[in-house]
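Biologist: Before we discuss individual residues, could we go through the labels one at a time and set each against its cut-off?

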Amino acid sequence: MNTAYFLINTIFDLYLMVVLLRVWLQWARADFYNPMSQMVVKLTNPLVVPLRRIIPGLGGLDLASVVLALLIAFAKLALLKTLNVMVADWLTLSLFALLTVLKKAGSMIFWILLIRAILSWVSQGRNPIEYVMHQLTEPFLAPIRRILPALGGLDLSVLVAFIGLQAINYLLGDLFGQLWWMI
């Protein structure tokens with residue numbers, strides 16, 4: 001049963017992160033001709049395009065992709081429920097799906113910030129991946145940089161963002177208890 005749980009969790013979570021990355025790319029108005037953006041679009045289009053016919057966008061937010069993320073999280077939890085890994089009623093699974101999307105979004109923000117920080121240390125020039133990472137993270141880091149004092153070329157905004165993300169993670173853990181750490 002552990003193997004099935006691991007495989008279901010991994011496959012659904014990876015695709016959920018790709019769908020959330022699509023939402024984030026659209027929200028940040030990142031370059032959609034970038035190779036990384038094109039990969040995300042090609043991986044998600046088979047499910048997003050049919051949903052777009054039913055669910056329109058709202059103020060620049062692709063609601064079809066958001067609904068797809070919620071459906072993927074719900075499908076993952078429903079599959080775990082059918083395997084008796086998770087015991088919950090269907091209404092509770094809907095709440096768990098929303099929490100799963102929130103938690104995976106926070107996790108994705110953390111990893112993108114980490115990748116950007118590492119790329120800033122080792123990158124010799126501007127490559128396409130670094131450019132998209134910059135476009136994705138700048139809306140989070142620019143306000144932090146305006147508050148932090150200049151430290152002679154040392155950028156601590158990523159560290160402050162990590163601390164903020166961790167604080168939000170613990171706050172949600174306090175609000176939702178063991179449920180938050182389980183999903």
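Biologist: What makes Arg-52 partly exposed?

Modeller: This is a predicted model, in which local features need pLDDT of at least 70 and side-chain atom pairs count only at pLDDT 80 or more, while totals for chains, interfaces and linings use all residues. Residues are numbered from 1 along each chain as its sequence is written, and side-chain values use heavy atoms, with hydrogens and water left out. Buried means under 20% relative accessible area, exposed means over 50%, and partly exposed is in between, with a 1.4 Å probe and protein chains only. Arg-52 has a relative accessible area of 35%, and is therefore partly exposed.

Biologist: Why is Asp-62 called buried?

Modeller: The relative accessibility of Asp-62 is 8%, so this residue counts as buried.

Biologist: What makes the pairing of Asp-62 and Arg-52 a salt bridge?

Modeller: The term requires a side-chain nitrogen of Lys or Arg within 4 Å of a carboxyl oxygen of Asp or Glu, and the side chains of Asp-62 and Arg-52 meet at 2.9 Å, N to O. Because Asp-62 lies in the loop between helix 2 (35-54) and helix 3, and Arg-52 in helix 2, the pair ties together parts that are ten residues apart in sequence. Helices here are DSSP runs of H or I with at least four residues, numbered from the N terminus.

Biologist: How do you know that Asp-13 and Lys-76 form a salt bridge?

Modeller: Their closest N and O atoms are 2.9 Å apart. This pair links distant parts of the chain, with Asp-13 in helix 1 (residues 2-27) and Lys-76 in helix 3 (residues 63-82), 63 residues apart. Both Asp-13 and Lys-76 are buried.

Biologist: What makes Arg-145 and Asp-155 a salt bridge, and what are the labels of the two residues?

Modeller: The closest N and O atoms of Arg-145 and Asp-155 are 3.2 Å apart, which places the pair among the salt bridges. Arg-145, at 29% relative accessibility, counts as partly exposed, and Asp-155, with a relative accessible area of 40%, is partly exposed as well. Salt bridges that share partners join Arg-116, Glu-138, Arg-145 and Asp-155 into one network.

Biologist: Why does Ile-183 count as buried, and which residues does Ile-183 contact?

Modeller: Ile-183 has 15% relative accessibility, and so counts as buried. Leaving aside neighbours within four places in sequence, Ile-183 is in contact (heavy atoms within 4.5 Å) with Phe-96, Leu-99, Thr-100 and Lys-103. The C-alpha atoms of Ile-183 and Leu-99, 84 residues apart along the chain, are separated by 7.7 Å.

Key:
Helix = DSSP H or I, 4+ residues; strand = E, 2+ residues; numbered from the N terminus.
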